[in-house]
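Hi everyone, thanks for making time today. Let me put the structure up on the screen, and then we'll walk through it together.

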Amino acid sequence: MTQDTFFEMRKVNKVYRMGDEDAHVLKDIDLSVDEGEYLSVLGPSGSGKSTLMNIIGCLDVATSGEYVLRGRLIEDLTEGELARIRSREIGFIFQNSQLLPRLTAQKNVELPLVYAGVPPRERRRRAKEMLDRVGLSERRDHYPNQLSGGQQQRVAIARALVGNPSILLADEPTGALDQKTGRQVMELFGELSREGRTIIMITHDMNIAAYARRVVHIIDGELQEGGDTSDA
């Protein structure tokens with residue numbers, strides 16, 4: 001790994017036992033991502049892209065191969081160490097915002113800080129700052145059912161950002177949104193990228209993938225470079 005490399009995968013495989021057979025979901029994945037890179041992983045349903053994201057996010061481990069995150073060999077870490085990485089270094093954004101319906105936007109954004117043991121006053125300040133950042137300062141006291149789909153997803157982005165993670169992992173972040181709202185969310189991702197955030201986005205949509213600076217394709221568990229889109 002070079003000094004600017006955020007993570008590197010070398011010959012990563014993932015195999016699941018399905019009854020009497022093995023399902024080879026990821027096949028000899030080689031992938032290197034630099035600090036501040038905006039990468040899209042493009043592939044159809046069943047291609048292995050969500051499994052790849054789960055391994056990048058330390059939600060799952062490879063069957064074989066090496067995954068080195070910021071100089072640490074993930075396979076050698078304890079579950080406690082992996083949990084700390086997930087809570088402090090990785091911000092997750094999913095297709096459905098997964099907001100808690102009985103909490104306001106403010107409280108939903110505060111939630112990761114509650115788990116991290118941040119004092120209440122500081123939690124409130126940081127959550128307010130993040131909601132301001134995503135343009136929802138006037139919706140802080142609204143519940144999820146009082147927000148549009150795009151607003152809910154922006155709350156989810158604020159929640160992912162509030163812990164100041166090193167990397168954002170977004171799994172089909174516009175999949176549940178209409179085209180116009182999805183474009184607004186992707187414009188926000190672009191702003192975050194220009195600020196130097198490292199972003200990995202999983203998608204099946206070629207038009208959404210094109211927002212990233214670099215695209216890789218995954219088909220039947222095999223990864224191929226798709227090129228740099230910075231001039232697109």
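Let's start at D132, which sits in helix 4; helices here are DSSP runs of H or I with at least four residues, strands are runs of E with at least two, and both are numbered from the N terminus. Before I go on, a word on the source: this is a predicted model, where local features need pLDDT of at least 70, side-chain atom pairs count only at pLDDT 80 or more, and totals for chains, interfaces and linings use all residues. Residues are numbered from 1 along each chain as its sequence is written, and side-chain values use heavy atoms, with hydrogens and water left out.

So, is D132 buried, exposed or partly exposed? Its relative accessible area is 34%, which means partly exposed; the scheme is buried under 20%, exposed over 50%, and partly exposed in between, with a 1.4 Å probe and protein chains only. Leaving aside neighbours within four places in sequence, D132 is in contact with S137 and R140, contact being heavy atoms within 4.5 Å. From D132 to A158 the C-alpha distance is 8.9 Å, with the two 26 residues apart in sequence.

Now look at L131. Not counting residues up to four places away, L131 touches A105, Q106, V109, L136, S137, R140, V155 and A158. Which residues of the largest nonpolar core touch the most other members? They are V109, L131, V155, I157 and F189, in a core of 32 residues. By nonpolar core I mean buried Ala, Val, Leu, Ile, Met, Phe, Trp, Tyr and Cys residues joined through side-chain atoms within 4.5 Å. At least two residues each come from helix 3 (105-115), helix 4 (120-133), helix 5 (149-161), strand 7 (167-171), helix 6 (179-194) and strand 8 (198-203). Helix 5 gives the most, six residues. Another core of 31 residues lies apart from this one, and among its members are M53, F92, I200 and V216.

Next, how do helix 3 and helix 4 meet? Their axes come within 9 Å and cross at roughly 125°; axes are lines fitted to C-alpha atoms, for helices over the stretch in contact, and angles run from 0 to 180 degrees between N-to-C directions. The two helices are therefore oblique to each other. On the helix 3 side, the residues in this meeting include A105, V109 and L113, and on the helix 4 side they include R123, A127 and L131.

Four strands form an open sheet in the order 2-1-4-5, with antiparallel pairing, and two strands pair if DSSP finds at least two bridges between them. Strand 2 (21-34) and strand 5 are the edges, each pairing on one side only. Strand 1 (residues 5-18) joins strand 4 (residues 64-69) over five bridges; N13 has S64 as its bridge partner, and E8 stands opposite V68. Strand 4 and strand 5 make a hairpin with two residues between them, and R70 in the turn has a positive phi of about 50°.

Finally, helix 1 (residues 49-56) packs on this sheet, touching strand 1, strand 2 and strand 4. Six of its eight residues are buried, so helix 1 is largely enclosed by the rest of the structure. After helix 1 comes C58, with a positive phi near 60°.

That's my tour, and I'm happy to take questions!

Key
Parallel < 35°, antiparallel > 145°, perpendicular 65-115°, else oblique.
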